[in-house]
Amino acid sequence: MRLTLTPELTEFRLRLRDFFTTEVPWHLREPVIEAAPLDRDVIVDTHRILHRAGLAVPGWPVEWGGRDWSPLQRHLWSEELHLAGVFPPLSPNVGLVGPVLAAFGSADLKRRFLPPTAALDLFWCQGFSEPEAGSDLASLRTTAVRDGDAWVVNGQKTWTSLAHWADWMFCLVRTDPDAPRRQAGISMLLIDLDSPGVTIRPIEMIDGETEVNEVFLEDVRVPANQLVGEVNRGWEYARFLLGNERVGVAQVGQTKLRLAQAKRYAREHGRWDDPAVRARFVTLESELLAVELTSLRVAAESADGRPEPASSVLKLRGTELQQRVAELVLDLAGADALLAAGTAPGVTRWARRAAAAHLNLRKVTIYGGSSEIQRGIVASGVLGL
């Protein structure tokens, strides 16, 4: 099965392809194509180019810069962006806090935060996980106590992606420790990371990078008007946010790019004649098509921007496919994947990065809710078990 586009959608796709490959400079796309470590300048500069062209937040409400696009148009935007090697608009801004503020924020919060969030004048990170609250997020212990016109926050967040580059953090806190259900006592606050009492400590990961951080909050005073929505309803907003995250984390376009690169590498290095290698490609391409079609169905069936439970299917299968493609890339690169930069001029950086990328992608079946959690959601929310 393949998607057949109307002439109008074909023209739409080609316009996007032309923009991404001509208006986004090669020096911003090359690091993405070569799977280089994250670079703040690449993220910010790319995002701002897209924002100036009205292509950074197409899924937002039109009044805040979004496009009145169909789910298929948004899919084509994402696919062409990834295939061109364009770093996608910053996920915490565009896919997480922005939609939450647009759906649940007060008029004041929308005016204050949505325009600079769309433009990446504010760089956001997500303060959810804690040392004892990962997949079991409702067990979080970070507290917020009301004191006059502020909330006083104490606790610790961990695995906080890009906090060392961020300006602000949207954070889940416990505001009612006596709530009958743990989920009922959680709220969401917007925290300026320059506030007194905030300490950020990078965590070195298995691939040697420091993409994630610990964030310590000690008597941090957060203005009361930086509460998202209503007090003790943060779990509702978090579920909405995580649904959006699970749709985006499937990374269909990115996986297509990596698979196409792997196929080209196999042909150029004499591996394509191996029937077992070709069989792996066929299997992965077929399963990737199934994920792509599922992503379109999930987007089409989401009501008012609220992802349906089937987004967990997408997260589960999409992240597993990312890992399997990374394993194929590692197998194809072989010993070249272990070479240090500069030691073998004839070896592409893409091959040298294969081992690091494989190790980094161990995370994708954990964050956003582990695969085990997703299976539970599918069983209850999709299958009704």
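Predicted model: local features only at pLDDT ≥ 70, side-chain atom pairs only at ≥ 80, totals over all residues.
Buried means under 20% relative accessible area, exposed means over 50%, and partly exposed is what falls in between.

First, the overall picture. The protein has 13 helices and seven strands. Its radius of gyration is 21 Å, close to the 21 Å that the globule rule gives for 385 residues, so the protein is as compact as a globular protein of that length. Along the principal axes, the C-alpha atoms fill a box of roughly 70 × 50 × 45 Å. Of the 385 residues, 51% count as buried. If you take contacts between residues at least 6 apart in sequence, 73% of them join residues at least 24 apart.

Now salt bridges. A search of the whole structure finds 23 of them. Let me begin with helix 10, residues 311–333, which holds both R317 and E320. These two form a salt bridge, with the closest N and O atoms 2.6 Å apart. They are three residues apart, about one turn of the helix. R317 has a relative accessible area of 31%, so it is partly exposed. E320, at 17%, counts as buried because the cut-off is under 20%.

E327 is in helix 10, while R362 sits in the loop between helix 12 (354–360) and helix 13, so parts 35 residues apart in sequence are tied together. E327 is partly exposed with a relative accessible area of 31%, and R362 is partly exposed with 31% too.

Elsewhere, R13, R17, E79, E80, K256 and E292 are linked in a network of salt bridges.

Next, backbone angles. Most residues other than glycine have a negative phi. A35 has a positive phi of about 55°, and it lies in the loop between helix 2 and helix 3. N232 has a positive phi of about 70°, in the loop between strand 7 and helix 7. A35 is buried, at 15%, whereas N232 is partly exposed, at 24%.

Last, the surface. V382, L383 and L385 make a nonpolar patch of about 340 Å². V382 belongs to helix 13, residues 371–382, and is partly exposed at 39%.

Technical notes. Residues numbered from 1 in each chain as written. Heavy atoms only, no water. Patch = residues over 30% accessible without salt bridge, like charges linked within 9 Å, V, L, I, M, F, W, Y side chains within 5 Å. Areas by Shrake-Rupley, 256 points an atom, 1.4 Å probe, with all protein chains shown as cover. Salt bridge = Lys/Arg side-chain N within 4 Å of Asp/Glu carboxyl O. Helix = DSSP H or I, 4+ residues; strand = E, 2+ residues; numbered from the N terminus. Buried < 20%, exposed > 50% of the residue type's maximum accessible area, 1.4 Å probe, protein only. Rg over C-alpha atoms; globule rule 2.2 N^0.38 Å. Contact = heavy atoms within 4.5 Å.
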